Amino acid sequence: MPMRVILKQPNLENPGAGLEVSDEEPDRSVLASGEVRVRLELRPINPADIFSIMGVYPGFNAAAKNAVPGLEGVGVVIESCSSKVPVGSKVVGRPFTSVEGGQGTWQTEVVANEDDVFVIPPSVSLDDAALAQFYVNPVTAYGMIADLEIPAGEYLLQTGAGSVLGRQVIQMCKAKGIKTINVVRREALVGELKALDADAEVIVAETAEGIAEGVERITGGRGAYGAIECVGGVVTKGVVAGVRNGGTVLLYGAMGSLDIVAGIPDILFRGVTISGWWLAEYFPKKSVEEKERVCAELLEMMRGGVVTPLCGTVYPLGEVVEAIAEATKEARGGKVFLSN
């Protein structure tokens with residue numbers, strides 16, 4: 001049965017309250033040359049999706065008429081006007097063409113340009129739960145690691161290390177010979193992260209002082225080569241203090257605060273740079289050939305077990321409110337999904 005989740009009214013306090021589930025037939029207008037129609041099978045609920053339905057994520061047009069959330073997912077091509085993407089192809093978006101305009105993946109079907117989908121070869125045996133989260137987290141982790149240009153043997157410092165993305169950063173860094181220092185808030189996560197990389201360093205801290213002291217101890221005062229930060233507030237101050245002179249902190253999230261704190265001496269006298277990093281600016285601007293190369297590399301990482309997405313509970317689209325409640329729980333575990 002066709003179904004889509006419509007954002008009627010963004011809600012900061014209760015994200016699921018502004019959603020409505022509709023079973024209207026999807027618009028099946030004639031495809032243009034190079035377009036494909038995709039029947040979506042599974043979609044994850046990412047933090048950016050939550051921010052979308054709260055109305056605070058600029059990568060999603062919450063004001064669009066009958067806006068449908070959802071930044072990624074996996075599906076099958078059911079109609080094609082493309083010579084490159086035949087009917088029956090399993091595809092993921094990079095991202096799907098309609099997402100930025102407000103027609104995301106929390107619906108049964110989407111239309112996309114052939115250059116905005118990545119075809120999963122039939123020989124690939126990865127399940128839909130892994131493929132559904134192929135774009136947002138893996139490409140973000142890959143892009144930030146690439147942009148920091150950390151040499152093998154040096155340290156990458158990250159906050160939010162217990163998240164699905166944080167775990168993938170650990171795995172990718174391990175494969176590249178980069179050491180990691182991982183900041184978490186709960187002691188219970190230490191063993192889980194060590195299971196991904198026995199050499200990974202884990203700091204359990206919520207204060208700037210705790211983070212900075214932990215990094216100093218681990219690195220012998222040299223500091224991490226670079227860092228990625230997704231919390232904000234005083235946590236950012238500890239991360240900035242923990243990187244080397246001339247190092248860079250990539251700020252990619254605001255899970256704890258919409259503001260940051262940083263020590264002026266670190267920026268003024270040590271030359272530490274704080275720079276924003278956003279997937280919506282990083283990947284769509286790349287050439288089709290470069291997108292294909294990166295996606296192919298990430299697919300091989302997933303096939304080879306280098307990157308293992310953490311999968312959690314699956315809810316039907318009609319239970320989206322319950323799914324959001326689960327996705328926003330602290331210490332929920334793996335990624336929450338919406339299925340047909």
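Mentor: In sorting a lining by class, Ala, Val, Leu, Ile, Met, Phe, Trp, Tyr, Cys and Pro count as nonpolar, Asp, Glu, Lys and Arg as charged, and the others, Gly among them, as polar. Keep in mind that this is a predicted model.

Trainee: Which classes make up the lining of the second largest pocket?

Mentor: The lining of that pocket has five nonpolar, four polar and seven charged residues. The second largest pocket has a volume of about 300 Å³, and of the 16 residues that line it, Asp27, Gln103, Gln107, Glu109 and Val111 are the closest to its centre. Two or more lining residues come from each of β3 (35-44) and β6 (109-113), and β6 gives the most, with three residues.

Trainee: How many cavities of 30 Å³ or more does a search of the whole structure find?

Mentor: Rolling a probe the size of a water molecule over the atoms shows where empty space is left. Here the search finds one cavity of 30 Å³ or more, and the largest cavity holds about 40 Å³ of space. Its lining consists of Pro2, Met3, Arg4, Glu24, Pro26, Gln107, Thr108 and Glu109, which by class are three nonpolar, two polar and three charged residues.

Trainee: Turning to helix α6, which of its residues are buried?

Mentor: Ala208, Ile211, Gly214, Val215, Ile218 and Thr219 are the buried residues of α6. They lie on the same side of α6, because they cover an arc of only 140° around the axis. These buried residues pack against β8 (155-158), β9 (179-184), β10 (201-204), β11 (224-229) and α7 (234-242), whereas the face turned away from the buried side carries the exposed residues Glu213, Glu216 and Arg217.

Notes. Residues numbered from 1 in each chain as written. Predicted model: local features only at pLDDT ≥ 70, side-chain atom pairs only at ≥ 80, totals over all residues. Heavy atoms only, no water. 1 Å grid on protein atoms, 1.4 Å probe; cavity = no way out; pocket = protein on both sides within 12 Å on 5 of 7 lines; lining within 4 Å. Points joined across faces, edges and corners; volume = space filled by probe spheres on them. Helix = DSSP H or I, 4+ residues; strand = E, 2+ residues; numbered from the N terminus. Buried < 20%, exposed > 50% of the residue type's maximum accessible area, 1.4 Å probe, protein only. Arc of directions from axis to C-beta. Contact = heavy atoms within 4.5 Å.
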